[in-house]
Amino acid sequence: SLEKAREEAKALGARLARAEEAAALEKRRSEDAAASLEAMTREKDASKAACDKVNAELARSLDAARVEKTERDKEIGALRSSLEEVQAAVEDAKAETARAVRSAETDFELE
């Protein structure tokens, strides 16, 4: 009976050792999984920061492009206005030339 109790104690000790090994292995696996998750989190955070930086640069570029477009639109408006003034002056000059030609023709006919 004492021998049987020693064998049972030895068997329980072996089972306890195996359980401790299994627990230690599970602890290492959990720590490895946590480290992997932390690394993925850092990578995700770095990627997000890079995306945020690119988005900010794109927003600045878009703002600059909008400002440039506004300036170009103003320049185009001024050029159109100048062109209209030149076209009006050309039309006036044509009309004046036509009047001068008619007047000269009338004067020539009278002579």
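Which side chains meet in a salt bridge at 2.8 Å, N to O? They are those of Glu96 and Arg99, where a salt bridge is taken as a side-chain nitrogen of Lys or Arg within 4 Å of a carboxyl oxygen of Asp or Glu. I will come back to that pair after the overall picture.

First, a word on the basis. This is a predicted model, in which local features need pLDDT of at least 70 and side-chain atom pairs count only at pLDDT 80 or more, while totals for chains, interfaces and linings use all residues. Residues are numbered from 1 along each chain as its sequence is written, and side-chain values use heavy atoms, with hydrogens and water left out.

The secondary structure of the chain comes to one helix and zero strands, these being DSSP runs numbered from the N terminus (H or I of at least four residues for helices, E of at least two for strands). That helix, α1, covers 2-110, and Ser1 is found in the segment before α1. The C-alpha trace spans about 160 × 15 × 10 Å along its principal axes. The radius of gyration is 47 Å, whereas a compact globule of 111 residues would have one near 13 Å; the value is taken over C-alpha atoms, and the globule rule is 2.2 Å times the number of residues to the power 0.38. To give a sense of distance along the chain, Ser1 and Leu79 lie 78 residues apart in sequence and 114 Å apart in space, C-alpha to C-alpha.

Ser1 counts as exposed because its relative accessibility is 84%.

Now to the salt bridges, of which a search of the whole structure finds 10. Glu96 and Arg99, the pair I opened with, are three residues apart in helix α1 and so are separated by about one helical turn; Glu96 is partly exposed at 46%, and Arg99 is partly exposed at 43%. Elsewhere, salt bridges that share partners join Glu68, Arg72 and Glu75 into one network. Arg29 forms a salt bridge with Glu26, the closest N and O atoms being 3.9 Å apart, and these two residues, three apart in α1, are also separated by about one helical turn. Lys94 and Glu91 meet in a salt bridge at 3.7 Å, N to O, with Lys94 exposed at 51% and Glu91 partly exposed at 47%.

Conventions:
Buried < 20%, exposed > 50% of the residue type's maximum accessible area, 1.4 Å probe, protein only.
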